[in-house]
Amino acid sequence: MPSTSYLVAVLAIVFSITLALRAVPFAVLGRLRGSAIVRRLAVWMPVGILAILAVTALHGTVTADVHGTWYALLAVAVTAGVHLAFGRRTILSVGAGTAVYVVLLNAL
Amino acid sequence: MRQDVLPHWAAPTPTTPTTRRIQIAQGIRDSFSAGLGIFPLGIALGLLIIQAGLPWWLAPALSLAAFAGSLELLLVGMVATSAPLAAVALTVLVVNFRHVFYAFSFPLHLVKHPVARAYAVYAMIDEAYAVNASLPEHERSAPRLLAMQIACEAYWVGGGLVGVALGAALPAPIKGLEFALCALFIVLTLDAFRSRKELPSLLLAGASVAVALILTPGMAMFTALLLFVGLLLPRHAVTARRTVQEAAGA
């Protein structure tokens, strides 16, 4: 088991690098705010970043349990279908999709 | 018009308490959908830490220090084998590098108080960014944002503690709960696409992630975000040139 001092060092590294990655861009962008490129990127980025997060999260799920690939794809369809068909209630859609995946993966 | 003439101190006072309470309630409601992914993932982290033979306090300590789900799950394995600190640092840098891109569209300008600003930056996790990015501009507010972030951190730390408590008590962990995270991102992509019909961005992101999965499946998110930004810069150049031409033509 690693020593406590090692664990504390890990915590310090994790804290400072994560915070720096989150904070430094704001300090830089503060001076650029209002420039055409920052305003355009602010409009263009969210949809694309969310899509990338969705695909890589799906990829992570599938690689963790390769035999559940079809269950995962079915659950994606259920999530999107429920979301579009039942008035975009996020908890309902996420809950339905997750339930489909968990039940199929554990029962079959 | 009349309201613009009012002195500064007179304007916000009467309405602030109720709207603020409503905004906090909205923020907590926003957090529920994210919590559905965060809480089970927190339990998974706690279980993993106990299974790896690490002390229980590492779950809350790591969650407060990093507050970054996927990274923490990754770090447990490294810490359990006493990986070199330099390797830990590099992993943190690569896995969390995506947060650099969030600054472009995260509404930090809404938060005025310095302590609250610092917290909003510290707690800018994927889910907080994502939930906020899918909201229309006029529905955003500082209390709503902060309430959502504080709630998310409570779910994450709380989930970790529950996982630690469950420890070995559970014969076999329930598999597949992490799909909630994937489902959340899918739903938020649909919502963000509805509020801004940005088909070119979606296509560029799709191309980026496809290439990233083929070239670097081990760090696909990092590569995909880098490619995506790399594609948006030429798009900006094209758009800028077209704007200039239209201005000249008109």
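Me: How many residues of chain B are in contact with chain A, and with how many residues there?

Reply: The model is predicted. In it, 73 residues of chain B are in contact with 63 residues of chain A. The size of an interface is often given as the accessible area lost when the parts come together. Here the description rests on residues in contact instead.

Me: Which helix of chain B gives the most to the side that touches chain A?

Reply: Helix 10 of chain B, residues 179-195, gives the most, with 15 residues. By type, the side of chain B that touches chain A divides into 54 nonpolar, 13 polar and 6 charged residues.

Me: What is the secondary structure of chain A?

Reply: Chain A comes to 4 helices and 0 strands. Read along the sequence, the pattern is α-α-α-α.

Me: Why is chain A described as more spread out than a compact globule?

Reply: The radius of gyration is compared with the value from the globule rule. For the 108 residues of chain A the rule gives 13 Å, but the radius of gyration is 20 Å, well over that, so chain A is more spread out than a compact globule. The C-alpha trace of chain A spans about 50 × 50 × 20 Å along its principal axes. Buried residues make up 38% of the 108 residues in chain A. Among contacts in chain A between residues at least 6 apart in sequence, 30% join residues at least 24 apart.

Me: At what angle do helix 11 and helix 12 of chain B pack?

Reply: Helix 11 (residues 199-215) and helix 12 (residues 220-249) of chain B pack at about 140°, with their axes 8 Å apart. Angles over 145 degrees count as roughly antiparallel, and these two helices are therefore oblique to each other. The crossing of helix 11 past helix 12 in chain B is right-handed.

Me: Which residues make that contact between helix 11 and helix 12 of chain B?

Reply: From helix 11 of chain B they include B:P200, B:L204 and B:V209, and from helix 12 of chain B they include B:A220, B:F228 and B:R235. The residues of this contact divide into 14 nonpolar, 2 polar and 1 charged.

Me: What is there to note about phi of B:F67?

Reply: Most residues other than glycine have a negative phi. Phi of B:F67 is near 45°, a positive value in a residue other than glycine. B:F67 sits in the loop between helix 3 (58-65) and helix 4 (69-80) of chain B.

Me: Is B:F67 buried or exposed?

Reply: B:F67 has 24 other C-beta atoms within 10 Å. The cut-off for buried is 20 or more, so B:F67 is buried.

Methods:
Residues are numbered from 1 along each chain as its sequence is written. Chains are lettered from A and ligands numbered from 1 in the order in which they are written. This is a predicted model: local features need pLDDT of at least 70, side-chain atom pairs count only at pLDDT 80 or more; totals for chains, interfaces and linings use all residues. Axes are lines fitted to C-alpha atoms, for helices over the stretch in contact, and angles run from 0 to 180 degrees between N-to-C directions. Angles under 35 degrees count as roughly parallel, over 145 as roughly antiparallel, 65 to 115 as roughly perpendicular and the rest as oblique. A crossing is left-handed if the near helix is turned anticlockwise from the far one by less than a right angle, and right-handed if clockwise. Two residues are in contact if their C-beta atoms, placed from the backbone, lie within 7 Å. Ala, Val, Leu, Ile, Met, Phe, Trp, Tyr, Cys and Pro count as nonpolar, Asp, Glu, Lys and Arg as charged, and the others, Gly among them, as polar. A residue is buried if 20 or more other C-beta atoms lie within 10 Å of its own, exposed if 12 or fewer, and partly exposed in between; C-beta atoms are placed from the backbone. The radius of gyration is taken over C-alpha atoms; the globule rule is 2.2 Å times the number of residues to the power 0.38.
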